[in-house]
Amino acid sequence: GRGAPPSPASRYPETHRAQASMVAVTEVKVSMTPALCPNNLSSHAGRVAFASAGKVAIVSGMGQQSVDSSSIAAKDGATVMQCKFADLGTGSGCIVVALSSGVQIWSADGSRMFLWAPLESLADALPEVIASGNEAHATGICSFVIGSVARVCVGTSIGAVAVYQHERTDSSFRKTATLEDNGEASCAAISDLAAASQGDGSVVVARGNIKGVVQIWATADGDSFTPTSTVRKEGAACNTLALAGGVLIVGFSDGEIRLYGMPLGQPLSAIAAHARWINALAVNAEATAFAAAAEDGCVSFWMLGAGGAVKHVGHVQTPDAHLVGLAFSQDGKSAVAAAYDIPTLFSMKVPS
């Protein structure tokens, strides 16, 4: 086995250590196993979903005595790189699937497909990349709503981000923009995307990549995007991102979490949180707490205060589990973690 890493609480001041607690875990057996990819769990309205090779597993009934499972098959046997629920701002949602061959968008229950977009349609440079025989795929998903219009962003392995607008009249999606950059991060594979509304009504979109570079855009209308800042960590990959209002939370391959103020990217906090790669971050609906799941088998829970101040309030150790996904429940009182190649979801009460 991997053995138990040091508790996150042991690397923090005494005030944190006294208040942090070990969290009880309930194991929920499921019929499919999560794939080895970061950010591999998403939740929406009582459902959770994760990638499992060429399928998306959808599990409902978490927290009840038994769970129900269904699945979505990737088009033409493609590999699922990531899946994520998106809020459409209408009380309903959809599930976005990033594939080795393109993008699918389905109803939240997986019963109806709204969009199939082949990979070459995501960015102008992709047809040439694909024709040359170089590996390419879709990866990284986020969504946001401005006014009454929802948009979904899907990243790629060449760094470009395709933006799709949801049409309420017929539940279709159409591509309206592509975010590209000619700087140092333009050709690096995207690892994760995140988006969140700001106090002035605008939205911040963050793109992290395997070089440890995070680029931030701001948009007031969802159609035009302005680059606002770039943050980076030398010698580490950015594997996962989350936005809690005006605070960007970034998980790195060396186990560190960094927090930045949005939209200008000013450093707020740095935490030596885990012993190995951080594979997933999750923020509760109120943006008052976040959690991290890592390759070391540990889930850490943090309270988020003013100015990016953080307090470690609890942790879970799952022996011999390579954690790849994490999600809060809708009410924020519980969280679920997924582990690579284990047909079990780990459900836990969120400490306060």
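**A serine and its contacts**

A: The side chains of Ser300 and Trp302 are joined by a polar contact of 2.8 Å (N or O atoms within 3.5 Å, one able to donate a hydrogen and the other to accept it; neighbours in sequence count only through side-chain atoms on both sides). This is a predicted model, in which local features need pLDDT of at least 70 and side-chain atom pairs pLDDT 80 or more, while totals for chains, interfaces and linings use all residues. Numbering starts from 1 along each chain as its sequence is written, and side-chain values use heavy atoms, without hydrogens and water.

The side chain of Ser300 also makes a polar contact with that of His274, at 2.9 Å. Ser300 has its place in strand 25, which covers residues 298-304 (strands are DSSP runs of E with at least two residues, numbered from the N terminus). Ser300 counts as buried because its relative accessibility is 0% (buried is under 20%, with a 1.4 Å probe and protein chains only).

Turning to the sheet, four strands make up an open, antiparallel arrangement in the order 3-4-5-6 (strands pair if DSSP finds at least two bridges between them). Strand 3 (42-44) and strand 6 (68-73) are its edges, since each of them pairs on one side only. Strand 5, residues 55-60, runs antiparallel to strand 6, and six bridges link this pair. Within this part of the sheet, Ser60 stands opposite Asp68, a residue of strand 6.

Methods
Buried means under 20% relative accessible area, exposed over 50%, partly exposed in between (1.4 Å probe, protein chains only).
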